[in-house]
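Here's a quick briefing on how some pieces of this chain pack together. Have the sequence and the structure open as you read.

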Amino acid sequence: MNAITRPVRTRVAPSPTGDPHVGTAYIALINYCFAKKHGGQFLLRIEDTDQVRSTPQSEKMILESLRWLGLSWDEGPDVGGPHGPYRQSERSAIYTEHCDRLLADGHAFKCYCTPEKLSASRAAQMAAKLPPKYDGTCLSLTADDCVKLDADGVPHVVRMKIPTTGTCIVQDTLRGEIEFEYSVVDMQVLMKSDGLPTYHLANVVDDHLMGITHVMRGEEWISSAPKHLLLYQYFGWEPPVLTHLPLLRNADKSKLSKRKNPTSILYYQRAGYLPQAMQNFLGLFIKSASEEDEKTSLQTLIDEFDVHNISLGGPVFDTSKLDWLNGRYLREELSVSEFLDAVKAWALNDSYLTPIAEMAQARITKMSDLGGLTAMFFMNRIEGMTLERLRDGVKLEQDAQRAAYTIALQQFDGMIEWHRDGVEGTLRRTAEVLDAKLKDVIRPFYLAITGSAQGVPLFDAITHLGRDIIRERLRHAMELLGPATSKEVKAWTDLLTAPPKAE
């Protein structure tokens, strides 16, 4: 690690565009442990410049999930601090000021190219086996040209200038020197036509103004490092120390994805894992391999933290190890009363039980009927599910059933807010695009989600179980029926955007 000449300040900067990802927790834990090891500060910043996909609900879930894991931050949108605001959507004037500075200094230029022109240019480059990047058309525009185009109302973006020759050396803590020829670096858009910054400008400006000394982020940002370092150079700022961290992997070493593993922190919370166990599990990815007990504490992770313990091979997100750890915490760390309190907090509370009672009351004749009717509300996967059980009495062909689950998942994942109307609309739309009767689509969803062909109201049950558990149950059903290929996913998803059939 480079010599530390300033008080250490790290950050995690999630985008509130969906469920809080376990990868975010992994990155946050590393930044937190490093900062605390060196007596520094850890910040949380919300990167919400994607106004279409960013939601307050997602931001709230991110903050709650990180706090559930036992992490806290010294500065952030909910706790304040001297470098706010901590939401990028509230910092537009700051980005505009810095973009104007780059334009005035000749380090950026206005680009008026249409999307069609850009697509044609990139297609031609790819056909010629050249790296696709901006071809520099608008670099030759004069100031008078820009004044005229602006007066005519022609929309534009602002791009950064890139040297035509030379090499950028990226110093990475884990990887050493990484060389990039400027000839392959794209002239990145810094400011979009709607006046909002891209990640690249906002990220650099915010990290500098917030005094971030060490940027520890996912390895997918390595290719962006030359652009970011060039922006630091253009502004005349000292860049932070860069560390690009290996991504979490599935057991087959592919990038962790929700198609193969639950990836939402909230899933693991809802499935009944203890936050201490999840924190410990993620901590194993940054802990040196040894014969010592793998059970550890947050303070031990801080005290023993060394970034060089992180293997570049990519940590495998092994849920069987998480299960083992969670079992140990349940048995070894909790007294009976503490265990009971944890169970109550998880599911035996009025907030979780009241909707279940409302669904079940009209469907039982005696209290003992509740067990079989409501057991599925206290599982993650349906126990003992088989292909035969999943196909029991289903009128849809097996491939149509697979398509129904896939199409519904696409819609569930796209729901900005999770509510009953959206759930019902999803299943009705699924039946519509498959040209099937709603009742014939309802049965396979009852089987996959409740384990029975009937029971409590399906739309209400799906809504109450939540997106994370529903995704896992449908994913499990697809494992039994036959996982969808990429080609099938595309074909079935295309049905959602196809024009309606003529009457």
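A word on terms: helix axes here are lines fitted to C-alpha atoms over the stretch in contact, and angles run from 0 to 180 degrees between N-to-C directions. Keep in mind that this is a predicted model. With that in hand, take helix H1 (residues 22-37) and helix H9 (residues 275-283): their axes come within 10 Å and cross at roughly 70 degrees.

**Helix pairs**

- Angles of 65 to 115 degrees count as roughly perpendicular, so H1 and H9 are roughly perpendicular to each other.
- On the H1 side of that contact you'll find Val22, Ala25, Tyr26 and Leu29, and they meet Gln279, Leu282 and Gly283 of H9.
- Sorted by type, the H1 and H9 contact residues come out as five nonpolar, two polar and no charged.
- Next up are helix H3 (residues 92-104) and helix H6 (residues 199-209), which pack at about 105 degrees with their axes 10 Å apart.
- That angle makes H3 roughly perpendicular to H6.
- H3 brings Ile94, Tyr95, His98, Cys99 and Leu102 to the contact, while H6 brings Leu201, Ala202, Val205, Asp206 and Leu209.
- The tally for H3 with H6 is eight nonpolar residues, one polar and one charged.
- Then there's helix H16 (residues 398-414) with helix H21 (residues 486-497): the axes come within 9 Å, and the crossing is roughly 65 degrees.
- H16 and H21 are therefore roughly perpendicular to each other too, and their crossing is right-handed.
- From H16, the contact takes in Asp399, Arg402, Ala403, Thr406, Ile407, Gln410 and Gln411; from H21, it takes in Glu488, Val489, Trp492, Thr493, Leu495 and Leu496.
- Those H16 and H21 residues split into six nonpolar, four polar and three charged.

**A three-stranded sheet**

- Strands S3, S4 and S7 make an open sheet in the order S3-S4-S7, with antiparallel pairing.
- Strand S3 (108-111) and strand S7 (189-191) sit at the edges, each pairing on one side only.
- On average, neighbouring strands of this sheet are turned by 45 degrees against each other, ignoring direction.
- S3 and strand S4 (residues 157-160) run antiparallel and are joined by four bridges.
- One of the residues to look up is Cys111, whose bridge partner in S4 is Val157.

- As background, most residues other than glycine have a negative phi, and most peptide bonds are trans.
- The peptide bond from Gly84 to Pro85 is cis, with omega near 0 degrees.
- Pro85 belongs to the loop between helix H2 (56-68) and H3.
- Lys129 is a non-glycine residue with a positive phi, near 60 degrees.
- You'll find Lys129 in the loop between helix H4 (115-127) and helix H5 (143-151).

- In an unreviewed entry, UniProt lists residues 14-24 as the "short sequence motif: 'HIGH' region".
- That span, residues 14-24, is 27% helix and 0% strand, and its end C-alpha atoms lie 7 Å apart.
- The unreviewed entry in UniProt also lists residues 338-478 as "domain: Aminoacyl-tRNA synthetase class I anticodon-binding".
- Over residues 338-478, the chain is 67% helix and 0% strand, with the end C-alpha atoms 37 Å apart.

How values were computed: Residues are numbered from 1 along each chain as its sequence is written. This is a predicted model: local features need pLDDT of at least 70, side-chain atom pairs count only at pLDDT 80 or more; totals for chains, interfaces and linings use all residues. Side-chain values use heavy atoms; hydrogens and water are left out. UniProt positions are given in the numbering used here, feature names are shortened, and annotations may be inferred rather than shown by experiment. Helices (H or I, at least four residues) and strands (E, at least two) are DSSP runs, numbered from the N terminus. Angles under 35 degrees count as roughly parallel, over 145 as roughly antiparallel, 65 to 115 as roughly perpendicular and the rest as oblique. A crossing is left-handed if the near helix is turned anticlockwise from the far one by less than a right angle, and right-handed if clockwise. Contact means heavy atoms within 4.5 Å. Ala, Val, Leu, Ile, Met, Phe, Trp, Tyr, Cys and Pro count as nonpolar, Asp, Glu, Lys and Arg as charged, and the others, Gly among them, as polar. Two strands pair if DSSP finds at least two bridges between them.
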